[in-house]
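Colleague: Can you walk me through this model? Start with how you decide that two residues touch.

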Amino acid sequence: MMDARPVVLTLPSDVANRVEAIQQRDPELVAQMLRYCAMRETIFQVLAGNAPQTKSLT
């Protein structure tokens with residue numbers, strides 16, 4: 001198992017309900033979606049010239 005830690009998010013109730021349902025059904029999908037979002041943000045920052053070039057995506 002990879003190094004992991006819990007994260008607390010505050011979301012609108014309707015979104016939180018959907019995320020909880022997905023988490024119950026397929027926990028790995030939620031993890032993949034969060035990694036994808038973080039990767040997109042990092043790529044955007046690099047392309048915009050706003051991020052250090054040494055940032056690692058894992």
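Modeller: Contact means heavy atoms within 4.5 Å. This is a predicted model, where local features need pLDDT of at least 70, side-chain atom pairs count only at pLDDT 80 or more, and totals for chains, interfaces and linings use all residues. Residues are numbered from 1 along each chain as its sequence is written, and side-chain values use heavy atoms, with hydrogens and water left out.

Colleague: What secondary structure does the chain have?

Modeller: Two helices and zero strands. Helices (H or I, at least four residues) and strands (E, at least two) are DSSP runs, numbered from the N terminus.

Colleague: Which residues of H1 meet H2?

Modeller: Val19, Ile22, Gln23, Gln24 and Arg25 do, and on the H2 side they meet Pro27, Leu29 and Val30.

Colleague: At what angle do the axes of H1 and H2 cross?

Modeller: Roughly 120°, and the axes of H1 (residues 13–25) and H2 (residues 27–48) come within 5 Å. Axes are lines fitted to C-alpha atoms, for helices over the stretch in contact, and angles run from 0 to 180 degrees between N-to-C directions. H1 and H2 are therefore oblique to each other; under 35 degrees counts as roughly parallel, over 145 as roughly antiparallel, 65 to 115 as roughly perpendicular and the rest as oblique.

Colleague: Other topic. Is Glu20 buried or exposed?

Modeller: Exposed, with a relative accessible area of 51%. Buried means under 20% relative accessible area, exposed over 50%, partly exposed in between (1.4 Å probe, protein chains only). Glu20 lies in H1, and its C-alpha atom is separated from that of Val30 by 9.3 Å.

Colleague: How much of the chain counts as buried?

Modeller: 7% of the 58 residues.

Colleague: And what follows H2?

Modeller: Gly49, whose phi is positive, near 80°.
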